Amino acid sequence: MGLTSEDFTLCYITLTIAPPEGTVLTADMENCGFMEAFLQPEDASIPTSGGGTETAIDNGDGTYSAMLMWQFHGADLRNVPMKLELGGFGNVSKEVAGDLYSGNREIEIPGSWVFHFDNLPLEETVSLSFDSALFADEKIHPTKIELSSFGAIVTYTSEATDVVEALGLMMTEKYPELEVDWGSMDLEILNLLCAEGSAFTDAQQEDIEAFLADFGGIHSEALSAQLTDYRLLYQDGSVCKTGSEYPDWAGVRDIGESIALICFDAPVDLGKLASFEIGSVQVPIQVSEQSAGTN
């Protein structure tokens, strides 16, 4: 199960492990899992990038369960045959990892397993309708907000993007001879150029620092381009729990445009959500009954 969009695939797979009678794990469940776990397209020519996590629990009846989660960035994997390869389950703590991979120690439940999927049962995201002008005075300016039962994807520009654009206009007008691609500039690149000290003269760097001083300087939180101030609210006013305080993944899709993935702690009934709050703006969540269901 999971979600898919043109930018992301988020997939959860849960497995039950029934070990031979008498098997004893030599670590608590927080340090147990598979030695190897790979989920990838059957067609090796399909490019994918991303990472995953694993959580194991003791079912109390002699079996264990493991939930594997993968994030694929820039990949839409709906209707793509996939292959899951697993190897060895048990104590994979840092203390024993070296001996495991060198062959000096055998994991408690040895073996290798391969599963093939014709396709992953992924839920397509639904896009929320909102007036972008509502975010004019906010630090974050969303251009697209997508929801599914498993998480949210927010595509946005930020106040920092506007500041860098204004800085570029000022510097281009004052220093037309300056060979800097301001159209591809962001704060991270600008910070690197200033730190290197080779792209700008002392006078030009002073102008940059003076311009950014009005916003607290180049390292100011006021210029942060990260989505951090957000909440999803249920209709009863309670807050939807997400996997962490900040987005589970964030990156830049195009220059000046960022994208963030927010995972839910558990599948959510979208029909019970009321709004997505970013900064001081609340975007109403209205989805059809078909979209509100979970897989």
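Start by selecting Phe34, Tyr64, Phe89 and Trp113, which form one aromatic cluster. The model is a predicted one, in which local features need pLDDT of at least 70 and side-chain atom pairs count only at pLDDT 80 or more, while totals for chains, interfaces and linings use all residues. Residues are numbered from 1 along each chain as its sequence is written, and side-chain values use heavy atoms, with hydrogens and water left out.

The structure holds 6 aromatic pairs; rings of Phe, Tyr and Trp (its six-membered ring) pair if their centres lie within 6.5 Å, and planes under 30 degrees apart count as stacked, over 60 as edge-to-face and the rest as tilted. Keep Phe34 and Phe89 in view: their pair is edge-to-face, at 5.1 Å centre to centre with 70° between the planes. Phe34 lies in strand β3 (residues 32-41) and Phe89 in strand β6, so this pair ties together parts that are 55 residues apart in sequence. Strands here are DSSP runs (E, at least two residues), as are helices (H or I, at least four), and both are numbered from the N terminus.

Phe89 is buried at 0% relative accessibility, and Phe34 is buried with a relative accessible area of 8%. The cut-offs are under 20% relative accessible area for buried, over 50% for exposed, and in between for partly exposed (1.4 Å probe, protein chains only).

Trp113 counts as partly exposed, at 30% relative accessibility.

Next, select Thr9 in strand β2 (residues 8-17). Is Thr9 buried or exposed? Its relative accessibility is 0%, so Thr9 counts as buried. The Thr9 side chain makes a polar contact of 3.4 Å with the side chain of Thr4. A polar contact is a pair of N or O atoms within 3.5 Å; within protein, one must be able to donate a hydrogen and the other to accept it, and residues adjacent in sequence count only if both atoms are side-chain atoms. Leaving aside residues up to four places away in sequence, the residues that Thr9 touches include Trp70, Phe72, Leu77 and Leu122 (contact means heavy atoms within 4.5 Å).

Move to the loop between β5 (64-73) and β6 (82-91), where Asn79 lies. Asn79 has a positive phi of about 65° although it is not a glycine. At 63% relative accessibility, this residue counts as exposed.

Then go to strands β15 (residues 273-278) and β16, which run antiparallel and are joined by 4 bridges; two strands pair if DSSP finds at least two bridges between them. Phe276 stands opposite Val283 in β16. The two strands form a hairpin with 2 residues between them, and Gly279 in the turn has a positive phi of about 65°.

Finally, zoom out to the whole protein. The secondary structure comes to 5 helices and 16 strands. Of the 295 residues, 43% count as buried. Among contacts between residues at least 6 apart in sequence, 66% join residues at least 24 apart.
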